[in-house]
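Here is a walk through one structure, taken a step at a time. Keep the 3D view open as you read.

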Number of protein chains: 4
Amino acid sequence: MAIQRLISGTEVSKHNTRESCWIIVHGRVYDVTDFLPEHPGGMKIILKYAGKDATEEYDPIHPPDAITTNLPPEKHLGVIDPNTVTQVVREVTTEEIARQERHERKPPLDEILNLHDFEAIARAVMPEKGWAYYSSAADDEITHRENHLAYHRVWFRPRILRDVHQVDWSTTILGQKSAMPVYISATALGKLGHPEGELNLTRAAGKYGIIQMIPTLASCSFDELVDATVPGQSQFLQLYVSKDRAITKRFVQHAEKRGIKGLFITVDAPQLGRREKDMRMKFEDTGSAVQQETGEKVNKSEGAARAISSFIDPSLAWKDIPWFRSITKMPIILKGVQCWEDAVLAAEAGLQGVVLSNHGGRQLDFARSGIEILVEVVAALRERNLFPNPNFQIFVDGGVRRATDVLKAVALGATAVGIGRPFIYAYSAYGQAGVERALTILNEEFEMNMRLIGAPTLKDVVPAMVDASNITMHVSNVPDDRLYHANYESMQRSELRTVMSKL
Amino acid sequence: MAIQRLISGTEVSKHNTRESCWIIVHGRVYDVTDFLPEHPGGMKIILKYAGKDATEEYDPIHPPDAITTNLPPEKHLGVIDPNTVTQVVREVTTEEIARQERHERKPPLDEILNLHDFEAIARAVMPEKGWAYYSSAADDEITHRENHLAYHRVWFRPRILRDVHQVDWSTTILGQKSAMPVYISATALGKLGHPEGELNLTRAAGKYGIIQMIPTLASCSFDELVDATVPGQSQFLQLYVSKDRAITKRFVQHAEKRGIKGLFITVDAPQLGRREKDMRMKFEDTGSAVQQETGEKVNKSEGAARAISSFIDPSLAWKDIPWFRSITKMPIILKGVQCWEDAVLAAEAGLQGVVLSNHGGRQLDFARSGIEILVEVVAALRERNLFPNPNFQIFVDGGVRRATDVLKAVALGATAVGIGRPFIYAYSAYGQAGVERALTILNEEFEMNMRLIGAPTLKDVVPAMVDASNITMHVSNVPDDRLYHANYESMQRSELRTVMSKL
Amino acid sequence: MAIQRLISGTEVSKHNTRESCWIIVHGRVYDVTDFLPEHPGGMKIILKYAGKDATEEYDPIHPPDAITTNLPPEKHLGVIDPNTVTQVVREVTTEEIARQERHERKPPLDEILNLHDFEAIARAVMPEKGWAYYSSAADDEITHRENHLAYHRVWFRPRILRDVHQVDWSTTILGQKSAMPVYISATALGKLGHPEGELNLTRAAGKYGIIQMIPTLASCSFDELVDATVPGQSQFLQLYVSKDRAITKRFVQHAEKRGIKGLFITVDAPQLGRREKDMRMKFEDTGSAVQQETGEKVNKSEGAARAISSFIDPSLAWKDIPWFRSITKMPIILKGVQCWEDAVLAAEAGLQGVVLSNHGGRQLDFARSGIEILVEVVAALRERNLFPNPNFQIFVDGGVRRATDVLKAVALGATAVGIGRPFIYAYSAYGQAGVERALTILNEEFEMNMRLIGAPTLKDVVPAMVDASNITMHVSNVPDDRLYHANYESMQRSELRTVMSKL
Amino acid sequence: MAIQRLISGTEVSKHNTRESCWIIVHGRVYDVTDFLPEHPGGMKIILKYAGKDATEEYDPIHPPDAITTNLPPEKHLGVIDPNTVTQVVREVTTEEIARQERHERKPPLDEILNLHDFEAIARAVMPEKGWAYYSSAADDEITHRENHLAYHRVWFRPRILRDVHQVDWSTTILGQKSAMPVYISATALGKLGHPEGELNLTRAAGKYGIIQMIPTLASCSFDELVDATVPGQSQFLQLYVSKDRAITKRFVQHAEKRGIKGLFITVDAPQLGRREKDMRMKFEDTGSAVQQETGEKVNKSEGAARAISSFIDPSLAWKDIPWFRSITKMPIILKGVQCWEDAVLAAEAGLQGVVLSNHGGRQLDFARSGIEILVEVVAALRERNLFPNPNFQIFVDGGVRRATDVLKAVALGATAVGIGRPFIYAYSAYGQAGVERALTILNEEFEMNMRLIGAPTLKDVVPAMVDASNITMHVSNVPDDRLYHANYESMQRSELRTVMSKL
């Protein structure tokens with residue numbers, strides 16, 4: 001590697017316009033002038049850092065190698081002379097100080113009793129932008145909430161007097177061992193919650209023997225995440241298919257070479273959803289001052305995710321499937337199947353499985369939950385003698401918070417369940433230790449609930465153990481009669497006597 | 001046109017009694033003494049302005065030509081001498097000042113993310129009387145809310161891996177092009193929300209290529225609204241049938257001559273509904289002082305709408321349909337059909353379509369929603385081989401807020417969906433630009449959701465794409481057990497530690 | 001009538017013990033010593049007034065003739081010497097003053113828009129004891145509320161294009177004309193709400209051409225209520241059957257002689273229900289001081305109603321029905337039938353009808369609503385060719401607040417609907433004028449809704465006009481997941497900008 | 001019995017370490033050093049009392065004989081010299097003072113109107129630890145609440161005109177007379193609520209002629225509870241089966257010898273559930289100071305119950321049933337059956353009955369309620385001609401608060417219903433008198449409701465008296481549309497006029 005040119009901060013700071021735009025990232029200087037129109041996140045956000053150090057903004061949104069990959073070598077101008085650059089003194093807002101103070105007040109990890117608790121703490125201690133990105137969902141977030149509530153329409157029919165001294169909830173997913181019927185689902189922009197990003201997941205997964213699905217839009221680079229595995233640890237890859245298939249091919253074949261055990265092609269996101277809570281956050285982020293400065297109109301109709309997803313190919317279709325089979329030997333699974341018809345097509349196309357998913361409620365509102373779709377998919381596959389079938393596995397994700405949720409899905413035919421947000425919230429609040437605590441809790445819940453439903457192994461978790469007869473019930477109360485209810489005087493509970501004042 | 005007599009304000013002010021009542025409207029003086037008993041809105045409201053300028057009160061309730069049409073020429077006394085009339089200094093109430101101050105604080109239009117947002121802002125910034133009139137509905141407003149909630153009982157079954165690079169949600173309504181499967185439904189008294197009234201709708205519709213249905217009870221005159229169209233722009237007409245069929249005939253034939261493309265006869269309003277929120281508003285409007293002055297008893301049992309609707313003929317019946325077909329060649333559609341039996345009758349009567357509607361919940365409470373009726377109507381027509389049928393189109397209106405709502409209706413068989421209140425709220429808050437923003441939002445939602453359900457065109461939006469099996473479920477929770485719930489101690493979420501005071 | 005002995009207040013005041021107990025009622029002196037153990041309301045309440053004037057307490061609970069009927073003539077001691085009795089200066093409590101002040105603030109009657117409004121005002125202005133007695137219901141008041149909510153599970157299927165210029169909602173009940181398909185149901189202790197008690201109902205009913213059902217436990221005497229009728233006015237009688245059949249026989253035959261047109265035997269109250277709100281009220285009424293004074297233990301397990309109902313015969317059975325038919329020619333109707341089996345038995349027993357009722361939710365909790373029972377009763381009678389049948393009419397009561405409720409019942413097969421509490425609330429707040437306003441409102445609602453459902457007469461209100469398919473749905477939400485909901489961050493509506501302080 | 005060694009407090013206080021740990025319980029000194037690792041509740045809690053008097057902590061958790069049974073005789077060191085031990089002056093916390101002050105303000109017992117009221121008062125006056133233990137349930141407590149709510153989906157179909165002068169709700173349970181179709185279900189650690197613990201139940205049960213089920217984990221010893229019976233009083237025994245079957249055998253045979261009339265083997269608790277409210281309580285109990293002192297890590301993942309239940313055998317299976325039949329002639333009933341399949345197995349195994357129960361919602365969340373399971377169990381047994389069958393009785397428990405709940409279960413086929421928490425709350429607030437009041441209330445409710453449903457005896461309480469058609473409905477509302485609801489302006493009820501200030 002050649003000696004790199006040393007560039008002074010003063011020189012960089014001169015290139016702060018649309019016509020000549022240099023930025024500093026991780027101590028290196030890049031000329032991004034020509035790249036501005038192509039930037040998936042828009043020109044505006046880069047111009048904000050023209051002539052300055054953009055590292056802090058860059059990091060959570062991009063893998064470390066994104067800039068070097070996308071910029072031709074001649075635009076890599078050199079390294080910044082550390083003595084010359086006036087350190088950007090990031091003004092710490094009072095809001096940020098309050099947030100850090102809240103961090104100090106987190107309860108100790110062993111007081112976290114369930115996956116819900118991580119979300120409560122993460123919401124209090126993580127940066128607001130990250131919370132907005134992770135927690136938001138499509139339109140009115142009906143599907144987002146339905147994902148969790150749908151599990152409440154499935155009830156157990158537990159069996160008794162079975163020897164449950166030993167219970168074993170380990171399983172095999174696409175041929176890989178997993179300590180539980182759960183994998184870590186792919187979610188983007190992991191560093192918005194924690195500086196280590198998805199590495200928190202990789203490390204905890206390795207320690208607890210479960211499988212991580214690496215997201216295309218990870219904040220960490222793919223190789224970082226693979227490098228962080230321990231021997232025997234399996235990983236899957238979630239794939240957004242690029243309009244430029246050469247890029248996709250390179251990425252897939254690299255993944256296979258690095259030992260990835262399954263390729264999950266996302267099919268529910270030809271366009272990323274409108275997530276209004278995320279969009280509202282953006283308004284606050286880009287004040288009117290900026291607008292006046294540049295005279296450019298901010299497109300406020302897009303949140304963080306849409307900005308970085310313009311490469312996704314909305315023309316991806318069934319006809320493309322053979323091509324994927326031609327470029328890799330990894331098992332191929334479609335992520336985002338939402339009705340039995342497409343599950344049958346996937347099986348008939350020789351794929352290895354489907355994830356019944358609505359993208360965590362982030363895409364189409366009023367899409368049904370994975371657990372609901374599971375019932376019709378298993379019925380349709382069974383009718384066609386395609387289920388059970390070790391070579392075609394069914395997964396669901398979305399809304400899972402308890403081991404009981406997972407066991408319901410397993411009883412109804414799922415091989416395993418993907419969990420996303422709860423693990424992110426766990427590390428956003430507590431780092432890797434949070435993810436490990438989450439897995440410990442799940443293990444405790446699995447042990448107890450396997451015993452309580454009378455199932456020594458996952459093979460014993462059968463359809464007759466649940467009543468899912470209400471799964472398709474999407475009802476709501478007749479709008480309430482406000483005048484009637486205003487008039488109704490409620491029953492009052494028994495109360496302690498009031499103590500009369502001594503005076 | 002003859003030179004008009006110039007009348008002094010002093011002279012007008014003398015005619016301020018039941019016996020001789022003159023009023024000024026738009027600079028002209030009228031003798032309305034004999035007209036008082038016939039005024040559809042009651043005598044009282046006119047007497048309030050006897051001898052004065054009534055323009056401000058007149059405008060939102062009447063088309064500009066209402067007074068000239070209804071009053072014989074000899075009662076058109078002349079023009080007011082502008083030098084003599086003491087300008088009625090409208091006392092600006094503190095409430096009105098507060099309202100205008102709220103107007104200043106509206107968020108910029110590009111922060112309006114969905115149709116709900118317009119309603120939130122309109123409620124804050126529009127005159128209270130307009131809000132009461134637009135937002136109110138029949139009885140306990142059960143149907144009003146059901147209209148929206150019913151869409152929540154229909155869920156999507158989206159398809160994947162279809163090429164949705166190009167998606168097209170334009171359609172043809174009664175032979176006219178429409179940029180989306182949406183038309184602007186007719187709603188009365190448009191100037192209650194904005195001085196330009198329904199013109200806001202006409203202009204935005206022209207710009208965005210959608211169709212406006214002109215209301216019989218518009219605040220703008222029919223011709224104003226037609227004159228405001230751009231070349232190629234289509235309009236429909238909503239018709240309240242008068243007891244005096246000659247008036248109706250004249251109106252319909254005039255409309256046809258002006259190029260109206262469809263006649264929507266309202267059949268769900270033989271009498272206008274009791275809208276109690278609107279009625280309560282009226283109480284506040286007419287204080288007791290007025291009552292004492294006149295000694296006349298105000299009939300408080302009627303809101304704004306009923307006052308202006310006494311001309312509607314409650315004896316309109318199926319036997320009248322051939323007559324309509326004899327007076328016009330426009331397609332005739334019945335607006336307000338509410339069961340399959342009447343939809344079948346309409347088809348058999350040779351009409352061109354039906355709007356499944358309950359008048360925005362403003363007429364019969366516990367009438368079912370359009371989307372619910374749609375399911376039974378399509379089934380009944382299909383059974384009789386009357387569906388699909390390009391010459392008999394089905395529309396629904398009521399409760400629509402999202403493109404997903406529209407797509408559900410299209411999947412279930414509707415050609416297009418009428419949207420009313422959201423557009424009114426849009427212009428009440430932001431004028432024409434608000435309506436345009438609303439249409440932009442709908443376009444964005446359509447583009448995204450067409451992709452997400454896997455439908456390149458509206459023809460691909462088929463019944464199998466929705467699960468409407470719960471549409472007839474009108475349930476409510478068993479009344480809650482107040483004592484039990486008062487005793488139940490809720491689960492508590494994990495909390496941050498309390499910081500001990502340093503003292 | 002002999003000259004009555006004049007007794008001095010001083011003398012009366014000496015008889016203030018269990019051993020010798022005199023009381024003054026309406027200016028007359030009675031020796032009730034021997035009657036104490038038989039008093040249906042318990043000995044204690046009388047002893048509170050021993051030696052004193054009990055008129056004010058006596059009045060709302062008893063018809064004027066109760067004491068003369070129950071006490072042998074020799075215990076009628078004479079009249080009180082008005083000069084000697086120190087007037088009991090009823091201490092007006094601050095609570096009572098506040099209540100009367102609230103009375104002054106009632107809105108004028110023409111601002112009362114619906115039957116709900118009467119309840120809102122009555123609750124604010126009527127004596128608390130009356131409110132507790134009228135508004136309370138059995139156990140957890142589930143059935144009480146279900147009575148109203150059940151109507152919300154029935155939705156309309158209105159018809160269009162029918163000539164509804166003239167609409168007529170009058171009907172015939174047990175051969176008697178009624179201006180609407182509504183009668184005033186029997187409710188006890190009418191003076192708890194207003195000093196004129198049930199007379200308010202009689203007079204308004206006469207004026208509006210509807211039928212009043214006189215309660216056995218009226219505060220006014222039976223004859224007072226009959227005497228108050230106008231020519232042509234019909235009344236029914238509600239009957240609690242006494243253990244002493246001679247009393248019942250006398251009462252029934254007297255009623256028939258006085259022209260009563262129908263005998264409604266209450267069959268859902270072999271024992272009066274536990275109404276806990278009413279019972280709690282009693283605790284407050286009888287303070288601990290009283291307890292100490294008398295050393296007697298108050299039986300707090302009973303509210304007002306049970307105290308006065310001990311005469312009701314719990315052994316009344318089907319075998320008694322022929323006896324009733326033998327003592328009267330009036331139509332006999334069973335009030336309180338709650339399943340089809342008993343309705344069929346009633347028809348087979350040659351009776352003239354049934355009231356499907358659960359006693360306003362005051363008896364058995366989790367009894368079903370009348371409107372729900374109606375569906376199964378009509379189906380069962382129809383199967384047996386017992387419906388329709390002019391000689392066996394079906395009524396329902398409980399929970400009715402709107403004319404739409406009534407029309408639903410009529411569509412499903414009811415001849416008429418009983419309304420109780422709303423009329424009581426109407427006169428408790430506004431006296432007779434309140435009842436008249438209530439009837440005016442109902443007339444307005446009937447006129448409008450007959451038009452809106454497309455029914456010129458009640459004969460046109462047919463089963464196909466309603467969808468009652470959800471009537472038996474008694475569901476409740478799965479208990480909510482408190483941790484999940486605590487974590488969910490709600491969508492926020494668009495807000496006005498905050499104005500920055502000028503400083 | 002030998003004279004016991006007298007030990008001074010000073011000597012005991014020296015043995016306050018892990019290496020040598022003595023404690024005082026009820027005036028006797030024990031060396032528990034070797035027992036520390038075996039203590040089911042963990043070593044830590046004992047070490048807190050090393051060298052001190054542990055009686056107060058010991059009592060509610062253990063029967064009096066627990067320590068003598070578990071510790072070999074040589075570790076019973078002697079009795080404490082009362083003159084030497086410095087009385088542990090239990091510091092009374094301000095919280096405890098407030099609690100006792102609340103105790104003084106309890107309403108008198110005759111103002112307690114229903115079983116709910118006991119819970120309201122107990123929550124206010126009982127020690128928080130006891131409340132946490134009794135009231136908590138598994139996971140999100142969905143099943144816990146469902147247990148009560150499920151009864152709300154069953155409605156009555158009462159019969160009329162049956163002679164209900166005499167009503168009799170007594171019954172026979174496993175051959176034993178019971179004054180009502182209710183028994184007192186077994187619940188652990190009775191002294192957490194009241195110093196007399198389960199004795200309150202024994203005494204009240206004896207007085208009211210109902211049967212108490214003695215819990216294995218009672219705070220009182222088994223023999224204490226048997227000794228407290230009156231002649232003719234029956235008791236059952238709830239059994240947790242020990243890993244050491246010799247202990248179980250001894251316990252069962254001792255129980256039979258003492259006259260126990262039924263053996264209820266708990267089969268729904270191979271492992272005790274995670275009760276998070278109880279677990280959170282423990283955090284507060286063991287402060288961080290303790291942690292620092294000992295350097296030992298507290299296992300916070302367990303509440304009170306799990307600590308004392310490690311002896312329960314999770315390998316208990318159907319194959320063990322014959323052994324139970326071989327060691328006792330008592331009727332054997334399985335407690336915790338949750339589907340028809342296991343009920344049929346139990347009947348086929350020759351057992352005498354099943355309790356359809358989910359352990360009060362304390363074990364598996366999303367287990368169904370007993371009343372729901374009852375419907376499928378009775379149907380399945382009936383199909384196999386196993387029902388009705390006097391030798392195989394069906395019981396349910398969980399969620400019962402009213403006699404109506406019990407009657408619903410009886411109508412659906414249950415012989416009797418177990419009630420647990422309400423009785424504990426009754427004595428936690430009011431001691432034995434509370435339990436007696438609870439039974440009085442139930443008697444009053446039974447008398448009334450037997451009359452109101454038209455059933456002179458329990459044999460008349462038949463399936464046709466209830467509508468349980470909704471029992472399997474586990475639905476929830478579609479997640480609410482927050483933006484829509486935020487915009488909807490509610491109907492407002494009629495209000496009193498505001499009084500204008502005189503100024």
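In chain D, α16(D) passes α17(D) in a right-handed crossing. Keep in mind that this is a predicted model. Two packed helices are described by the angle between their axes and the distance between the axes. Here, α16 of chain D covers residues 340–348, and α17 of chain D covers residues 370–383. The two pack at an angle of about 50°, and their axes are 8 Å apart.

Which residues meet between α16(D) and α17(D)? From α16(D) come D:Trp340, D:Glu341, D:Ala343, D:Val344 and D:Ala347. From α17(D) come D:Glu376, D:Val377, D:Ala380 and D:Leu381. By class, this contact has 7 nonpolar residues, 2 charged residues and no polar ones.

Follow chain D past α17. The loop between α17 and β15 (393–397) of chain D holds D:Pro388. The peptide bond from D:Phe387 to D:Pro388 is cis, with omega near -5°. Now turn to chain C. The peptide bond from C:Phe387 to C:Pro388 is cis, again with omega near -5°. C:Pro388 sits in the loop between α17 (370–383) and β14 (393–397) of chain C. Most residues other than glycine have a negative phi, and most peptide bonds are trans.

A:Asp139 is not a glycine, yet its phi is positive, at about 45°. Look for A:Asp139 in the loop between α7 (128–135) and α8 (142–149) of chain A.

Next, look at how the chains meet. Start with chain A and chain D. Chain A brings 56 residues to the contact, and chain D brings 74. Between them, chain A and chain D bury about 5,900 Å², with 57% of it on carbon and sulfur atoms. How many salt bridges are found across the interface of chain A and chain D? There are 11. As an example, the side chains of D:Asp480 and A:Arg145 form a salt bridge, at 3.1 Å from N to O.

Chain D also touches chain B. Here 35 residues of chain D are in contact with 35 residues of chain B. The buried area is about 3,200 Å², and carbon and sulfur atoms give 55% of it. On the chain D side, D:Tyr484, D:Asn487 and D:Met491 lose the most area to chain B, together 22% of what that side buries. Across the interface of chain D and chain B, 0 salt bridges are found.

Technical notes. Residues numbered from 1 in each chain as written. Chains lettered and ligands numbered in written order. Predicted model: local features only at pLDDT ≥ 70, side-chain atom pairs only at ≥ 80, totals over all residues. Heavy atoms only, no water. Axes fitted to C-alpha atoms, helices over the stretch in contact; angles between N-to-C directions. Helix = DSSP H or I, 4+ residues; strand = E, 2+ residues; numbered from the N terminus. Left-handed = near helix turned anticlockwise from the far one by under 90°. Contact = heavy atoms within 4.5 Å. Nonpolar A, V, L, I, M, F, W, Y, C, P; charged D, E, K, R; others polar. Buried area = accessible area lost by both parts, 1.4 Å probe. Salt bridge = Lys/Arg side-chain N within 4 Å of Asp/Glu carboxyl O.
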